[in-house]
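Take a look at the chain shown here.

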Amino acid sequence: MTSNRQFRPATQLVHGGTSRSGFGETSEAIFLTQGFVYDSAEAAEARFKGEDPGFVYSRYANPTNDMFEKRMCLMEGAEDARATSSGMAAISAALLCQLKAGDHVVSARALFGSCRWVVETLLPQFGIESTLVDGRDLANFEAAIRPNTKVFFLESPTNPTLEVVDIAGVAKLANQIGAKLVVDNVFATPLMQKPLELGAHVVAYSATKHIDGQGRCLGGVILSDKDWIDEHLHDFFRHTGPSLSPFNAWTLLKGLETLPLRVRQQTENATRIADFLADHPAIARIVYPGRPDHPQADICAKQMTGGSTLVAIELKGGKEAAFSMQNKLEVVKLSNNLGDTKSLITHPATTTHKNLAEETRTELGIGPGVLRLSVGIEDVEDLIEDFDHALSGL
């Protein structure tokens with residue numbers, strides 16, 4: 001779609017970045033190829049020297065992947081992007097590509113289990129120091145700064161307790177010392193939060209979640225300005241090979257077309273369910289960014305344009321009650337995935353965050369009665385009835 005007009009997100013997510021072959025196909029083409037053919041030896045030389053634009057090898061770039069990256073850039077307001085094989089490939093690459101032995105990372109402590117492992121375990125193996133802080137207080141980030149601090153890392157809202165971190169505030173701290181802020185924006189989606197507009201330097205997604213959002217494939221994406229991509233990510237990506245399959249890129253392109261419809265319905269459903277559960281006598285606590293009782297409601301209002309598709313639930317009866325409720329659900333399915341059209345629920349202490357020490361889970365608020373609910377697009381009355389039934393007797 002070539003035009004000087006500034007199209008709105010829903011239009012960009014259907015048409016943005018599309019490149020058609022000579023056949024004029026309606027749906028984007030899947031280029032399932034490893035390599036590319038050149039017209040001459042001179043043409044191959046020019047392509048490898050960067051003098052002739054085009055594709056060289058699908059580990060580096062691919063026409064289908066290129067369409068997905070361009071469409072994500074339009075949505076995120078980024079200059080450039082690289083699509084990866086999974087969300088964790090995106091997080092790992094976004095951090096490792098710009099760090100070296102002797103550098104220091106300050107990270108919010110509330111992270112997805114695998115993200116925390118990368119920060120706490122993997123980075124130190126390469127001589128990269130890390131400090132985990134309570135991200136709810138901006139002063140904690142500032143206090144953790146060292147002369148060798150090069151990167152700040154956070155997710156907001158957090159997995160699984162839906163804490164919210166002041167992205168603009170952390171970005172300001174990063175700029176003051178010449179560091180970069182990397183934000184995992186999965187829980188907010190690019191529709192409800194724009195980290196780059198808030199001052200973040202790099203945004204990463206597990207495209208497996210809302211972007212596909214239909215339980216079909218893995219994927220990830222890293223977005224930033226072109227200078228950062230060229231200086232830090234380009235060679236790392238090219239030589240370490242965390243590239244996305246073209247088939248998965250095509251699937252994610254199809255997912256982007258319906259992203260606004262799905263996220264809008266999921267968020268409306270999540271709001272209704274959070275309100276219902278908040279008043280139930282078996283529930284000790286509900287955390288949802290769209291509610292006025294969210295602990296960081298002021299920050300939510302400042303940096304998010306909507307709530308979330310996720311709800312954090314804590315039952316009074318601990319693990320026994322949490323398991324009992326899960327086992328009685330009929331419409332909501334038990335799964336550690338999220339952002340799906342199907343409503344999914346998981347018990348983080350025994351699944352996604354089970355490898356954290358018990359004292360760490362307690363510190364993060366991931367108690368034995370905590371559940372993470374990812375709300376789907378089902379009829380909300382059926383979902384409420386499902387929870388009403390599952391909570392009976394608790």
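This is a predicted model: local features need pLDDT of at least 70, side-chain atom pairs count only at pLDDT 80 or more; totals for chains, interfaces and linings use all residues.

Residues are numbered from 1 along each chain as its sequence is written, and side-chain values use heavy atoms, with hydrogens and water left out.

The chain has 15 helices and 12 strands. These are DSSP runs, with helices (H or I) of at least four residues and strands (E) of at least two, numbered from the N terminus. The C-alpha trace spans about 75 × 50 × 35 Å along its principal axes.

Of the 394 residues, 55% are buried. Buried means under 20% relative accessible area, exposed over 50%, and partly exposed in between, using a 1.4 Å probe and protein chains only.

The structure holds 5 aromatic pairs. Rings of Phe, Tyr and Trp (its six-membered ring) pair if their centres lie within 6.5 Å; planes under 30 degrees apart count as stacked, over 60 as edge-to-face and the rest as tilted. Tyr38 lies in the loop between helix H1 (9-15) and helix H2 (41-49), and Phe48 in helix H2, so the pair ties together parts 10 residues apart in sequence. Tyr38 is partly exposed, at 23% relative accessibility.

Tyr57 and Tyr60 also form an edge-to-face pair, 5.7 Å centre to centre with 70° between the planes. Tyr57 is partly exposed at 36% relative accessibility. Tyr60 is partly exposed too, with a relative accessible area of 24%.
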